[in-house]
Amino acid sequence: MSTHDSHAPAGNDIHDASTTYGSYIWGLGLAIILTLASFASVVFHWVWGPSEPILLGVLAIAQMGVHLVFFMHVHADDEGENTVLALGFGVFVVALVVFGSLIIMHNLSSIMPTMDQLMQMQR
Amino acid sequence: MSGAHHATVDAHGHAIPFSQRGPESIGSMISFGFWLFLLSDIVIFSSLFAAYAVLNGHTAGGPHGSQIFDLGGVFKETSCLLLSSFTCGLMLIAAERKQMTRFYGWLVVTWVLGAAFIGFEVTEFHEFVVKGYGPTHSAFLTAFFSLVGTHGCHVTSGLIWLLVMAAQVATLGMNPKVLRRLFCFSLFWHALDLVWIGVFTIVYLGAFHVHA
């Protein structure tokens, strides 16, 4: 371990020098705006009902992006290449699990008889 | 997060293959490994989100989310966690610059905000259980308690981890090893706030949309 440590200057081997207060303040500002917008759109019914989930989804994904870039400092440059690749794979698995479950369970419930119908059949 | 300090070309100007550029710095290996752990943790959350989305309507004659959730309380929780994520970043900057007073100050603020979040959440859970809407009442409530409870357990372990880090800084000083651990903690803390964005959007705000 100590041989590896000697490679890198102790202070900056983890963090790039760009980590400053500015990044966190920008992140906080944008996150506050997006959070307030999410809550306000539900409380004050800003948009036509059926389109509300889309607005909430866009605001949530935007805020996740803000957290990744300004708080966790994930950047798609040379240095962050592996980080971004792993993140892409993570997003893929999450989408597969969530939307896959929803589609399968929706299909299942649309072709399965309801509990009442099952009770009728048993008689 | 990489080996910018490694030579990418040899003395003759030929590109050195990746496999021969030597080991990465320990810092970038640790942060990348921890990043992979966080992604696998988020995959666990995704299965709980999927269960919640599927079981959302299965209230078994009990209440739907919009009848029991208190948006004001959720907003307080969200504010605590977001501010705590921000002060965690300030704590990390202070640690890197070896500004010990500021470091301990932001550490305390981060811990207190995280503890306040857990306080609000425990109050909410307690209230539901007292009203008879515990996790055994319906499939919807089981999924709700599993998802939000798992997130709460993560935040609680984060609070314990933060205390351990405070003890390590106090006894070992701000050495490179401790700094790397603090960096991993900050990634963990930000990731929990990231998951919370999904929770308050899908679980809480989503519930009010369905019955609006």
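**Exercise 1. Find out what the side chain of B:His151 reaches, and describe its surroundings.**

Step 1: The side chain of B:His151 reaches the backbone oxygen of B:Leu192 at 2.9 Å.

Before going on, a word on the ground rules. This is a predicted model, in which local features need pLDDT of at least 70 and side-chain atom pairs count only at pLDDT 80 or more, while totals for chains, interfaces and linings use all residues. Residues are numbered from 1 along each chain as its sequence is written, chains are lettered from A and ligands numbered from 1 in the order in which they are written, and side-chain values use heavy atoms, with hydrogens and water left out.

Step 2: B:His151 sits in helix α5 (residues 139-172) of chain B. Helices (H or I, at least four residues) and strands (E, at least two) are DSSP runs, numbered from the N terminus.

Step 3: is B:His151 buried or exposed? It is buried, because its relative accessible area is 0%. The cut-offs are under 20% for buried, over 50% for exposed, and partly exposed in between (1.4 Å probe, protein chains only).

Step 4: list the neighbours. Not counting residues up to four places away in sequence, B:His151 touches B:Phe45, B:Leu81, B:Phe117, B:Leu192, B:Val195 and B:Trp196. Contact here means heavy atoms within 4.5 Å.

**Exercise 2. Describe the largest nonpolar core.**

Step 1: A nonpolar core is a set of buried Ala, Val, Leu, Ile, Met, Phe, Trp, Tyr and Cys residues joined through side-chain atoms within 4.5 Å.

Step 2: count and name. The largest one has 80 residues, and B:Trp35, B:Phe69 and B:Trp196 are among those with the most contacts inside it.

Step 3: From chain A, α2 (21-43), α3 and α4 each supply at least two residues, and so do α1, α3, α4, α5 and α6 of chain B. The largest share, 21 residues, comes from α6(B).

**Exercise 3. Work out how chain B and chain A meet.**

Step 1: count the residues. On chain B, 58 residues are in contact with 49 residues of chain A.

Step 2: look at the area. About 4,800 Å² is buried between the two chains, and carbon and sulfur atoms give 78% of that. Buried area is the accessible area (1.4 Å probe) that two parts lose on being put together, summed over both.

Step 3: check the polar links. Between chain B and chain A there are 2 residue pairs in polar contact (both at pLDDT 80 or more), and 0 salt bridges.

Step 4: find the elements on the chain B side. α1, α3 and α6 (176-210) of chain B each supply at least two residues to the side that touches chain A. α1(B) gives the most, with 17 residues.

**Exercise 4. Track down the salt bridge.**

Step 1: apply the rule. A salt bridge is a side-chain nitrogen of Lys or Arg within 4 Å of a carboxyl oxygen of Asp or Glu. Over all chains, the count comes to 1.

Step 2: name the pair. B:Glu127 pairs with B:Lys131, with the closest N and O atoms 3.2 Å apart.

Step 3: check accessibility. B:Glu127 counts as partly exposed because its relative accessibility is 38%. B:Lys131 is partly exposed too, at 46%.

**Exercise 5. Compare the loop residues A:His73 and B:Lys98.**

Step 1: locate them. A:His73 lies between α3 (52-71) and α4 (81-111) of chain A. B:Lys98 is found between α3 (71-96) and α4 (100-130) of chain B.

Step 2: read the backbone angle. A:His73 is not a glycine, yet it has a positive phi of about 55°. B:Lys98, also not a glycine, has a positive phi of about 60°.

Step 3: check accessibility. A:His73 is buried because its relative accessibility is 12%, whereas B:Lys98 is partly exposed at 45%.

Notes: Polar contact = N/O pair within 3.5 Å; in protein donor to acceptor, adjacent residues only side chain to side chain.
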